[in-house]
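Hello,

Here is the model I promised to pass along. Please have a look when you get a moment.

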2 protein chains.
Amino acid sequence: MTREELIAIIKRKRSLLCVGLDTELHLLPERFRSLHDPVRAYNHAIIQATSHLAVAYKLNLAFYEANGAAGWRDLESTVAYLRSLGDCLIIADAKRGDIGNTARKYAEAFFDQLDFDAVTVAPYMGSDSITPFLGRPGKWAIVLAVTSNEGALDYQFLPVEDGRQRLFERVMERTAELGGPEELMFVAGATRPEILRQVRAMAPEHFLLVPGVGTQGGDLAEVLREGLNTDGGMLINSSRGILYAGKEDEAIPMARKAAEALQRTMEVALRARGVLG
Amino acid sequence: MTREELIAIIKRKRSLLCVGLDTELHLLPERFRSLHDPVRAYNHAIIQATSHLAVAYKLNLAFYEANGAAGWRDLESTVAYLRSLGDCLIIADAKRGDIGNTARKYAEAFFDQLDFDAVTVAPYMGSDSITPFLGRPGKWAIVLAVTSNEGALDYQFLPVEDGRQRLFERVMERTAELGGPEELMFVAGATRPEILRQVRAMAPEHFLLVPGVGTQGGDLAEVLREGLNTDGGMLINSSRGILYAGKEDEAIPMARKAAEALQRTMEVALRARGVLG
């Protein structure tokens, strides 16, 4: 999906919502757990309930790999279903990062074998771990800048060299040399809104993938205030807050309600910012 | 596998060799490519030819994920075969790193679902991305310190804060606070032997996983000089140099020869260092 297509979908759905499919068998309603393929059935139901509200879906690889080859088939099935809808960005939240020949294999796994539009990538191993995900029109590398977790404080904010930059700023600067805003996004966590403002200042045109709203404590209004640009420019993720919004027969209707509440807040902010024209 | 068991195997096999199973279908001999499960058949043949010489096997996840659910079954089959031999450390070269609840799922995927002994972990997201891999007796987290690729220069050597440390040193210091040398190893690439000396000085007791000998240009004699400790203390990986040492009918015999050459050099160094008693 190209940048222009993504922006058109944001305007049409009046939303920046990314739904995170961190689907866990033991948290599913009983009527799904008794099915032959409970995870994919639940994913399909969540997608059906939210696809008019969400511009992106993010599949967290860990939750599928924990189920082995069956989990991989759930991934394939879910991506194929999303692809058939044709109007959402499909993200592999994989946080891969390895030497060039291995990074190329990961790009093959996620872009060719599985047909994702985007992959999250970890920067510690440097440029040759990122470039194999670039240079494919319509495909995206989403590089970790500032994450939403407590451990983000361990290294990402360290002043580097003479203290002019912090590590995440160096990562953003160096990474932006590798590709433009039509193929590169940054992860910027919602749990530190003042940092989101700095990330936006460094990358005014890039899309930001923003995890951490909801269960992790990030505040949507603050995220919208700090991160919006004139294209929208963000994909704001909610996983557990949607997937597990209600129990048993309430799970799917409550998921839709949770997504609607997020979308409405996003729409107001998008209008105020002039994104919707 | 515990640290004591690993050291006993090193002494018995007189080797530090880790064979990297970065197996690619299009590089296999014709007689394997025509089989129903060519990758697992080749892995089994390589393991049969080298298991008396290798103390560890490292499966690079990217090469399996690029083959989808079938690749995952190749992983399962190869790990099960290695487990049946009972005398080698089985490493998932996955370089995972994510927030706590996701890292726990990756630990479940690699330690429980797939029965690996060890997983490589990327440090950018900090402590809560590493701790879920610790605290399981006989299981190991292998954390990236200095990698063997060109991109290692982008961030790993940046002086942090007042310049007292470089980033990889901070990573090692902080990570060593999370677990001891019975559950934690570090990745230290073979392509910068002077750095390997510094890594060894910082972590005298930890095992180091050393990639980059062979195709990537690292020199085995230098690695042995800089990295050995009184337990051996290293797992020195060769992937392409063994897997693709010969073509067609020569592939397996040449793989064994390549492994033998590495093991012989290792044995000489282990004797000289007094590891073999």
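A word on conventions before the findings. Residues are numbered from 1 along each chain as its sequence is written, and chains are lettered from A and ligands numbered from 1 in the order in which they are written. This is a predicted model, in which local features need pLDDT of at least 70 and side-chain atom pairs count only at pLDDT 80 or more, while totals for chains, interfaces and linings use all residues.

**The two chains**

Two copies of a chain are related by a rotation about an axis and a shift along it.

The contact draws 48 residues from chain A and 48 residues from chain B. Residues are in contact if their C-beta atoms, placed from the backbone, lie within 7 Å. On the side of chain A that touches chain B, the elements giving two or more residues are α4 (61-65), α5 (68-85), β3 (89-96), α6 (100-113), α7 (152-155), β6 (159-160) and α8 (167-176) of chain A. The largest share of that side, seven residues, comes from α6(A). By class, the side of chain A that touches chain B has 21 nonpolar, 13 polar and 14 charged residues. For these classes, Ala, Val, Leu, Ile, Met, Phe, Trp, Tyr, Cys and Pro count as nonpolar, Asp, Glu, Lys and Arg as charged, and the others, Gly among them, as polar. Because 100% of the interface residues of chain A are also interface residues in chain B, the copies meet through the same surface.

Helices and strands in these notes are DSSP runs, numbered from the N terminus (helices H or I, at least four residues; strands E, at least two).

**Helix packing**

Two packed helices are described by the angle between their axes and the distance between the axes. The axes are lines fitted to C-alpha atoms, for helices over the stretch in contact, and the angles run from 0 to 180 degrees between N-to-C directions. Angles under 35 degrees count as roughly parallel, over 145 as roughly antiparallel, 65 to 115 as roughly perpendicular and the rest as oblique. As for handedness, a crossing is left-handed if the near helix is turned anticlockwise from the far one by less than a right angle, and right-handed if clockwise.

- Ala45(B), Ile46(B), Ala49(B) and Thr50(B) of α3(B) meet Ile252(B), Ala255(B), Arg256(B) and Ala259(B) of α12(B). This contact has six nonpolar, one polar and one charged residues.
- The crossing of α10(B) and α12(B) is right-handed. Leu220(B), Ala221(B) and Leu224(B) of α10(B) meet Leu262(B), Thr265(B), Met266(B) and Ala269(B) of α12(B). By class, that gives six nonpolar, one polar and no charged residues.

In chain A, α9(A) (residues 193-202) packs on α10(A) (residues 220-227) at about 20°, with the axes 8 Å apart. That makes α9(A) roughly parallel to α10(A), and α9(A) passes α10(A) in a right-handed crossing. Pro193(A), Leu196(A), Arg197(A) and Arg200(A) meet Glu222(A), Val223(A), Glu226(A) and Gly227(A). The contact of α9(A) with α10(A) has three nonpolar, one polar and four charged residues.

**Single residues**

Leu184(A) is found in strand β8 (residues 184-188) of chain A. With 23 C-beta neighbours inside 10 Å, Leu184(A) counts as buried; the cut-offs are 20 or more other C-beta atoms within 10 Å for buried, 12 or fewer for exposed, and in between for partly exposed, with C-beta atoms placed from the backbone. Leaving aside neighbours within four places in sequence, the contacts of Leu184(A) include Leu134(A), Trp140(A) and His206(A).

Asp115(A) has a positive phi of about 65° although it is not a glycine. Asp115(A) lies in the loop between α6 and β4 (118-121) of chain A and is partly exposed, with 14 other C-beta atoms within 10 Å. Asp115(B) likewise has a positive phi of about 65°.

Best wishes

Notes: Contact = placed C-beta atoms within 7 Å.
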